[in-house]
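Visitor: Hi, I'm new to this one. Could you show me around?

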Amino acid sequence: MARTVRLLMPLAALLFLGLALLIRVVDDGALRQYSGTALYASMVWAGVLFLWPRMAPVPAGTFATVFCWLVECAQLTGVPAELSARSLAARLALGVQFDPVDLAWYPAGVAPLVVLHHLVRARRRAASPAACPVDTHV
């Protein structure tokens, strides 16, 4: 299962990135800003599971959200803005300016994935032979 997760998470991250870029093309308002923040968190979640494919849903979601919060708070130091001025990759990964509203949008991008992750794991456990003992008494 860990191998499958490792194969799927880069695809999931690309899907989130593609969705974010598509939204940027069709909208230039609040949807663009806040969906980008939420989808950034979704990409971080995919990265967490790529690195630790056996991690349970809640710890993976918590790790992804806290990481995003730390990156956002780091913007208060000015270091990400300095790095972003020199590199597009840094700008995309670290952002430029602190926005307290983003702190709420990161969990919004992760929570649905935690629920989906939990449902997939529960379904997998229910389908496994160890989870369904055979009744030998007739």
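Guide: Helices here are DSSP runs of H or I, at least four residues each, numbered from the N terminus. This is a predicted model, in which local features need pLDDT of at least 70 and side-chain atom pairs 80 or more, while totals for chains, interfaces and linings use all residues. Residues are numbered from 1 along each chain, and side-chain values use heavy atoms, without hydrogens or water.

Visitor: OK, how much space lies in the largest pocket?

Guide: About 870 Å³. A pocket is an open set of 1 Å grid points where a 1.4 Å probe fits, with protein on both sides within 12 Å along at least five of seven lines, and lining residues have an atom within 4 Å of a point. The volume is the space filled by probe spheres set on those points, which are joined across faces, edges and corners.

Visitor: Which helices supply the lining of the largest pocket?

Guide: α1 (2-26), α2, α3 (57-74), α5 (88-94) and α6 each put in at least two residues. The largest share, 6 residues, comes from α2. By class, that lining has 12 nonpolar, 6 polar and 6 charged residues (Ala, Val, Leu, Ile, Met, Phe, Trp, Tyr, Cys and Pro count as nonpolar, Asp, Glu, Lys and Arg as charged, the others, Gly among them, as polar).

Visitor: What about the second largest pocket?

Guide: About 380 Å³ of space lies there. It has 18 lining residues, and M1, V5, H117, V120 and R121 are the closest to its centre. α6 gives the most to this lining, with 7 residues.

Visitor: Switching topic: how do α3 and α6 pack?

Guide: Their angle is about 165°, with the axes 8 Å apart. Axes are lines fitted to C-alpha atoms over the stretch in contact, and angles run from 0 to 180 degrees between N-to-C directions. That makes α3 and α6 roughly antiparallel, a term for angles over 145 degrees.

Visitor: Which residues of α3 make the contact?

Guide: P57, V58, G61, A64, T65, C68, W69 and E72, meeting α6 residues that include Y106, V110 and H117. Contact means heavy atoms within 4.5 Å.

How values were computed
Angles under 35 degrees count as roughly parallel, over 145 as roughly antiparallel, 65 to 115 as roughly perpendicular and the rest as oblique.
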